[in-house]
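Good morning, and thank you for coming. Today I shall present one protein chain, and I ask you to keep the display in view while I speak.

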Amino acid sequence: MVVFGLFIVVLLLSYLLLIAFFYVFQESFLFQAKSMNRDEAFEFDFPFEERNVKMEDGAVINTVMLRATNAKGVMLYFHGNSGDLTRWAPIANAFTEYGFDVLVFDYRGYGKSRGHRSMQRLYRDGLVLYESLLESYREDDIVIYGRSIGTSMATWLAARTKAQQLLLETPFYQISEVLAFRFLMLPASLLLKYPFSNAKYMGSVSSPIHIVHGTLDGVVPYFSGKKLYQAFRDQKVISFTTINGGRHNNLIQFPEFRRWIEERLVRL
């Protein structure tokens, strides 16, 4: 009995240490950011315009504008949690072939962007960039696009604006579901410093919403994206496209995904 009691104590202490470890280092799980030297030049094989935008709190957000031929609008692109503009600008550049300029940027702590990070600051940065687009584009020509963790920032922004549409690639209902999916034993919802939630803000989005998700997504589970759609399908102009066999980072390889994009952007 004594040995069994000691085993239980050790197990409990190990569990508490695991919880403490996750709480302290959760940002490294949520934001897999890598910093670049601010003097380092991007080497893309397509035209781009780089600009740094200073925020009210002194943070500097590094952005890249990608141009389409005879653009009919602009897309504000919120990327995923891994990689910086060296990865995401080429991905975002693919949307220019559909007739949209694209503004893609790095979050605080990513690439050349600098500044103290918090959930509200991340949200506000997106709003500042959106407002900067209004200097050159009509609001109904702006498409908000969110991918993975970026869907939360995109949805928050769409709830406060009147963009043409909101496109969400691999979104979650709320981030705690994603963490519970990956860390089964942890009470993630009680530990989060960044309680990102698409469901919290989607009810206030007036723009049409279009979601795409792969059935084999091992990062953001398919059921979480489907749950988001089902929660609002009777209240919103909203659609959900399933990519059978699609994973988190390979949807662009599927013809169904390209059709999803064409239906949203080409046939306007």
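This is a predicted model: local features need pLDDT of at least 70, side-chain atom pairs count only at pLDDT 80 or more; totals for chains, interfaces and linings use all residues.

Which way do β1 and strand β2 run, and how many bridges join them? The two strands run antiparallel, and six bridges join β1 to β2, residues 60-66. Strands and helices here are DSSP runs, numbered from the N terminus, with at least two residues (E) for a strand and at least four (H or I) for a helix. Two strands pair if DSSP finds at least two bridges between them. E49 stands opposite M65 in β2. The hairpin of β1 and β2 has five residues between the strands, and there G58 takes a positive phi near 95°.

Residues are numbered from 1 along each chain as its sequence is written, and side-chain values use heavy atoms, with hydrogens and water left out.

Let us now take the chain as a whole. Its secondary structure comes to nine helices and eight strands. Of its 268 residues, 53% are buried; buried means under 20% relative accessible area, exposed means over 50%, and partly exposed lies in between, with a 1.4 Å probe and protein chains only. The chain exposes about 12,900 Å², of which carbon and sulfur atoms supply 54%. These areas come from the Shrake-Rupley method with a 1.4 Å probe, and for residues only the protein chains shown count as cover. Among the contacts (heavy atoms within 4.5 Å) with a separation of 6 or more, 72% are between residues 24 or more positions apart.

I turn to the aromatic rings. The structure holds 21 aromatic pairs. Rings of Phe, Tyr and Trp (for Trp, the six-membered ring) pair if their centres lie within 6.5 Å; planes under 30 degrees apart count as stacked, over 60 as edge-to-face, and the rest as tilted. F31 and F196 form an edge-to-face pair, at 6.3 Å centre to centre with 85° between the planes. This pair links distant parts of the chain, 165 residues apart: F31 is in the loop between α1 (2-30) and β1 (49-54), and F196 is in the loop between α6 (188-191) and α7 (198-202). Both F31 and F196 are buried.

A second example is the pair of Y77 and Y145, which is stacked, at 5.1 Å centre to centre with 10° between the planes. Y77 lies in strand β3 (residues 73-78) and Y145 in strand β5 (residues 142-147), so the pair ties together parts that are 68 residues apart in sequence. Y77 is buried, with a relative accessible area of 0%, and Y145 is buried with a value of 0%.

F31 also meets a charge: the charged end of R117 sits over its ring, 4.4 Å from the centre. The term requires NZ of Lys or CZ of Arg within 6 Å of the ring centre and within 35 degrees of the ring normal.

Which residues of the largest nonpolar core touch the most other members? They are L76, F78, I144 and F196, in a core of 54 residues. A nonpolar core is a set of buried Ala, Val, Leu, Ile, Met, Phe, Trp, Tyr and Cys residues joined through side-chain atoms within 4.5 Å. Helix α3 (residues 119-133) gives the most to this core, with seven residues. Another core lies apart from it, with 28 residues, among them L66, W88, A89 and A92.

Next, consider helix α4. Nine of the nine residues of α4 are buried, so the helix is largely enclosed by the rest of the structure. Its buried residues pack against β3, α3, β5, β6 and α7. In the loop between β5 and α4 (150-158) lies S148, whose phi is near 55°, a positive value in a residue other than glycine. S148 counts as buried, at 7% relative accessibility.

Finally, I come to V266, in helix α9 (residues 255-266). Is V266 buried or partly exposed? At 41% relative accessibility, V266 counts as partly exposed. V266 and K72 are 194 residues apart along the chain, and their C-alpha atoms are separated by 9.8 Å. Leaving aside residues up to four places away in sequence, V266 touches K72, Y98 and I261.

Thank you for your attention.
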